[in-house]
Amino acid sequence: MNARRVVDAALEKTVVGSFTRVGYDARRRLYDWTPLDELRLDGKTVLITGATSGLGREAATLLAAQGAHLCLVGRSQEKLDRACAELPGSETLAADLSSLAETAALADRFAATRQTLDVLVLNAGALTHEYTLTPEGYEATFATQVLSQFLLIRKLLPLLEAALDGRVIVVASGGMYLERLDVDALQPTEAAYDGVKAYSRTKRAQVALAEEWTGRLAGTNVTVNTMHPGWADTPGLRSGLPGFSRALAPVLRSPEQGADTIAWLAAAPEVAGRSGLFFLDRRARPTHRRRSTRRLDEAQERARLWELCQNATDSFSGRDSVS
Ligand SMILES: NC(=O)c1ccc[n+]([C@@H]2O[C@H](COP(=O)([O-])OP(=O)(O)OC[C@H]3O[C@@H](n4cnc5c(N)ncnc54)[C@H](OP(=O)(O)O)[C@@H]3O)[C@@H](O)[C@H]2O)c1
């Protein structure tokens, strides 16, 4: 291991050092990062969800500066109009992604006007302490961050395949290190609902699904990677974990620092063809930090998750099963 990797690995072990702006600053200097605006996306189309706030809003700004044509997705047209006014040339599509029907309609509207999609950034998400059941009967965290994302990939796959180097980037979270993959726990009852656990479990599921997509898309030009932004000072963090965000305020990352790896994954030549990985600060990281989150039957559990997602989205997909 060279000296830079040793320092990075030592940071990684500390969690706080790694996830705060300390980790971002150290790694940026250690690896002498290429400025994002040198990683060009001219002529490429990027669809990004959750583009009206926090990391998604900042990632959209970075991606626009890299030359991408943007389709901004959010649930409030008013907020989308504001974001669009600051990013001239971008287009907007509104959908509440906790609804599979709205997710499907969004994908159809996008696909009606385009043949290709270069980058799909699945960023929308929230940690909520209230239990909400969607009209389709799913717990909202799971519906928004797992089922809706699966459906978007499923429906937009032909457009990603039509791009030279189709990339899917899922914004997960370091919170996933707390939970093991457990398909049966992904849809808790109201009595058993714990917002932090539900959030962490969906993030673990996102990482597992990216690994599963990778196997199933082998031989295609489409890659699916996950990333985590560290801890960034966003409206989402402030409302989801107010005490935590106040306590760590001096060392939280800025939204731009948190979003850096999203924009990097969209364009970096060294990521082409690499899939199923979990990134922080422009490097692939381990997906487990504790033995207790590992399962001996991980592959079977991932396949169960895939089947659940496939069954839940079948009637909204308008396509035959994805193999
Ligand atoms: N900030 C952090 O430290 C941190 C750490 C780890 C992971 N993350 C992840 O990063 C992503 C972005 O979070 P953030 O911190 O930037 O939070 P944020 O400021 O609250 O932004 C979240 C975005 O997602 C959108 N969204 C939420 N639920 C939606 C739904 N049902 N349908 C459509 N859009 C929806 C929000 O729309 P509205 O504007 O309408 O609310 C907003 O645009 C999330 O996936 C989060 O889990 C963040």
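The model is predicted. Its sheet is open, has 8 strands in the order 3-2-1-4-5-6-7-8, and shows mixed pairing. Helix 4 and helix 8 both lie against strands of this sheet, and helix 4 also contributes to the shell around the ligand.

**Sheet edges**
- The edge positions belong to strand 3 (91–94) and strand 8 (283–284); each has a single partner strand, so one side of each is left without a neighbour in the sheet.
- Strand 8 pairs with strand 7 (residues 278–280) in the antiparallel sense, over 2 bridges.
- Within that pairing, Phe279 has Ala284 of strand 8 as its bridge partner.

**Strand 4 and its partners**
- Strand 1 and strand 4 run parallel and are joined by 3 bridges.
- Ile48 is bridged to Val121 in strand 4.
- Strand 4 also pairs with strand 5, again in the parallel sense, over 4 bridges.
- Here Val119 has Arg167 of strand 5 as its bridge partner.
- Strand 4 is covered on both faces: Val119 and Val121 are buried on one side, and Leu120 and Leu122 are buried on the other.

- Helix 8 (residues 195–216) lies across strand 5, strand 6 (222–227) and strand 7, and runs at about 160 degrees to strand 6.

**Helix 8 against helix 12**
- The axes of helix 8 and helix 12 (residues 298–317) come within 10 Å and cross at roughly 95 degrees.
- Helix 8 is therefore roughly perpendicular to helix 12.
- On the helix 8 side the contact involves Ala205, Ala208, Leu209, Glu211 and Glu212, which meet Arg302, Leu305, Trp306 and Cys309 of helix 12.
- By class, this contact has 6 nonpolar and 3 charged residues, with no polar ones.

**Ligand shell**
- There are 29 residues around the ligand, and those that come nearest are Gly50, Gly54, Gly125, Thr234 and Gly236.
- Helix 4 and helix 9 (235–240) each supply at least two residues of the shell.
- The shell is made up of 10 nonpolar, 16 polar and 3 charged residues.

**Ala83 and Leu72**
- Ala83 lies in helix 5 (residues 77–86), and Leu72 is found in strand 2.
- Ala83 counts as buried because 21 other C-beta atoms lie within 10 Å, the cut-off being 20 or more.
- By the same criterion, Leu72 is buried, with 26 other C-beta atoms within 10 Å.
- Leaving out residues up to four places away in sequence, Ala83 touches Ala51, Thr52, Arg57, Ala60 and Leu72.
- With neighbours within four places in sequence set aside, the contacts of Leu72 are Ile48, Ala51, Ala60, Leu80, Ala83, Cys84, Ser90 and Thr92.
- Ala83 and Leu41 are 42 residues apart along the chain, and their C-alpha atoms are separated by 20 Å.
- Leu72 and Leu265 are 193 residues apart along the chain, with 18 Å between their C-alpha atoms.

Note on methods: Residues are numbered from 1 along each chain as its sequence is written. This is a predicted model: local features need pLDDT of at least 70, side-chain atom pairs count only at pLDDT 80 or more; totals for chains, interfaces and linings use all residues. Two strands pair if DSSP finds at least two bridges between them. Two residues are in contact if their C-beta atoms, placed from the backbone, lie within 7 Å. Axes are lines fitted to C-alpha atoms, for helices over the stretch in contact, and angles run from 0 to 180 degrees between N-to-C directions. A residue is near a molecule or strand if its C-beta atom, placed from the backbone, lies within 6 Å of it. Ala, Val, Leu, Ile, Met, Phe, Trp, Tyr, Cys and Pro count as nonpolar, Asp, Glu, Lys and Arg as charged, and the others, Gly among them, as polar. Angles under 35 degrees count as roughly parallel, over 145 as roughly antiparallel, 65 to 115 as roughly perpendicular and the rest as oblique. A residue is buried if 20 or more other C-beta atoms lie within 10 Å of its own, exposed if 12 or fewer, and partly exposed in between; C-beta atoms are placed from the backbone.
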